[in-house]
Amino acid sequence: MKGAAVLIVDDEEGLRHGLENLFAREGFTVHTAGSFESAVSAASRYPVDAAVVDVRLKGDRSGIDLLHELKRLEPDLVVLVITGYGSVDTAVASLKGGASDYFLKPIDNTKLLESVRRNLELRSLARENRFLRAELVQRSPHTFVTRDPGLARLLERADKVKDQPVTVLITGESGSGKEVLARYIHFSGTRRDASFISLNCAALSESLLLSELFGHERGAFTGAVERKRGKFELADGGTLFLDEIGDMSLEVQAKLLRVIEESAFERLGGVKRIRVDVRIVTATNKDLPALIHAGRFREDLYYRINVVSFALPPLREHPGDIPLLVDHFVAKYSERYVREPVTIDPATMSALTGYGWPGNVRELENVVNRIVLLGEASFSGGLPGAVPGAVPGAVPGAPAPAQADGQERAPSPSLKAGAEDAAARYERQAIGEALARNHGNKSRTARELHITRRTLALKIARYRL
């Protein structure tokens, strides 16, 4: 890796000079030292990416001591140990101390260079992985934005269980923030450094769902050309979020119950028992007790997943959060589109606050996304097609305001029918615009709208898009 800095530490001047020339010819920046003290001084003064350290040095301190000191100064430093007096104990001590490799003299220069390059590349990949994981955590929607007292109490309960390996059930209308709460529990708890794996149980057929959950062995079924790890394996040590669990078939429910009870399973077509440590969080917008009564959901599974439950209210029951959520989404999408944050004028904010939001927070987010993208928020008189029929300042259930001439408005459809019609018009427009932005690609469109591809296909057929 050209441009990297290497520290050569050996009390033999000839070997030190030879290695210096070797690495310099390959484009490395080279520093040399002949003792423990001079090596520590060089590592403190210069940026060093890798060090080649002889075990035997002049003085009281050995190369193993230097290895520990260098790793203390820079934990990510790549250290290779060389020695002319090889022994098993020395090799073990080197590797336990954090050495990346171990070479006996006389040194094979080609192998030494290959080892340095390989270990620097591994270090680079590890750093990139840590950076990407930090970015993923930062960008994942796990911040629960609210100032509603009821939701604040709900989050306090979530804080009490987030570090415990208990199953959690989250209920609420579609778009009310069930996955955000699941992510909050994971990313603010002790499992935050492990994987958060989500799976929509309504989006897959029974056979595909089994394969996604448990994985399969090669040849388990037609098309299984290689082994595949399932979501349970991928979530080992972390959290598995099962959305729309109310749509899971009874057969899959039985297998899920067994995994919850035993913390072990077999891949499809396999015989080996695989043990996992997974915290399961489930969510649904269905009435599970009613499904149990109808024979469509297992009662024993319900009690297993309902150790701790959270019921999220619809957005219309905490409208005071709407301005806070609008500000949050404006900041989010302004950063995404690299734009100055738009200004939401009072009339627009009043329209947003007065709307019933049948699609809850997800619908609000999509509207704000459109506002930021198209820059249509700095005006008076409501939203241009974003919230059809919304009356600024209107409170769901309140009488309609009088006309300017003092006459009452003509009879209109019921509030529910009007809200459904308004939501349908907006939904059709939003899907059409998303399809256009993604050039008709349904998979990308579904990801942008935070819905499954199957749901998108049904809506396309419904609205004849």
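Predicted model: local features only at pLDDT ≥ 70, side-chain atom pairs only at ≥ 80, totals over all residues.
## Around helix α15

Just after helix α15, Gly375 takes a positive phi of about 65°. Most of α15 is covered, with 13 of its 15 residues buried.

Asn360 also belongs to helix α15. Its phi is near 60°, a positive value in a residue other than glycine. Is Asn360 buried or exposed? With a relative accessible area of 0%, Asn360 is buried, since the cut-off for that label is under 20%.

## How α13 meets α15

The crossing of α13 past α15 is right-handed.

Which residues make this contact? On the α13 side they are Ile322, Leu325, Val326, Phe329, Val330, Lys332, Tyr333 and Ser334. On the α15 side they are Val361, Leu364, Glu365, Val368, Asn369 and Val372. By type, the contact of α13 with α15 divides into ten nonpolar, two polar and two charged residues.

## Two other helix pairs

Helix α6 (residues 149–161) and helix α7 (residues 178–187) form another packed pair, with axes 9 Å apart and an angle of about 40°. At that angle, α6 is oblique to α7. Here too you will find a right-handed crossing, as α6 passes α7. From α6, the residues Leu154, Leu155, Ala158 and Asp159 meet Leu181, Tyr184 and Ile185 of α7. The residues of this contact divide into six nonpolar, no polar and one charged.

Lys442, Ser443, Thr445, Ala446 and Leu449 of α17 make the contact with Arg453, Leu456 and Ile460 of α18. The contact of α17 with α18 divides into four nonpolar, two polar and two charged residues.

## Backbone spots to look for

Where is the cis peptide bond to Pro106 placed in the chain? The bond runs from Lys105 to Pro106, and its omega is near 0°. Pro106 sits in the loop between β5 (101–104) and α5 (109–139).

Ser263 is another residue other than glycine with a positive phi, in this case near 55°. You can find Ser263 in the loop between α10 (250–262) and β9 (264–265). Ser263 counts as partly exposed, at 32% relative accessibility.

Val92 lies in helix α4, which covers residues 88–96. With a relative accessible area of 38%, Val92 is partly exposed. Val92 and Tyr102 are ten residues apart in sequence, and their C-alpha atoms are 9.6 Å apart in space.

Lys231 has its place in helix α9 (residues 231–234). Is this lysine, Lys231, buried or exposed? At 18% relative accessibility, Lys231 counts as buried, because the cut-off is under 20%. Once its neighbours within four places in sequence are left aside, Lys231 is in contact with Ile197, Leu199, Glu212, Leu213 and Leu240.

## The chain as a whole

Stepping back, the chain holds 18 helices and twelve strands. Of its 465 residues, 43% count as buried. Among contacts in the chain with a separation of 6 or more, 72% are between residues 24 or more positions apart.

Notes
Residues numbered from 1 in each chain as written. Heavy atoms only, no water. Left-handed = near helix turned anticlockwise from the far one by under 90°. Helix = DSSP H or I, 4+ residues; strand = E, 2+ residues; numbered from the N terminus. Contact = heavy atoms within 4.5 Å. Nonpolar A, V, L, I, M, F, W, Y, C, P; charged D, E, K, R; others polar. Buried < 20%, exposed > 50% of the residue type's maximum accessible area, 1.4 Å probe, protein only. Axes fitted to C-alpha atoms, helices over the stretch in contact; angles between N-to-C directions. Parallel < 35°, antiparallel > 145°, perpendicular 65-115°, else oblique.
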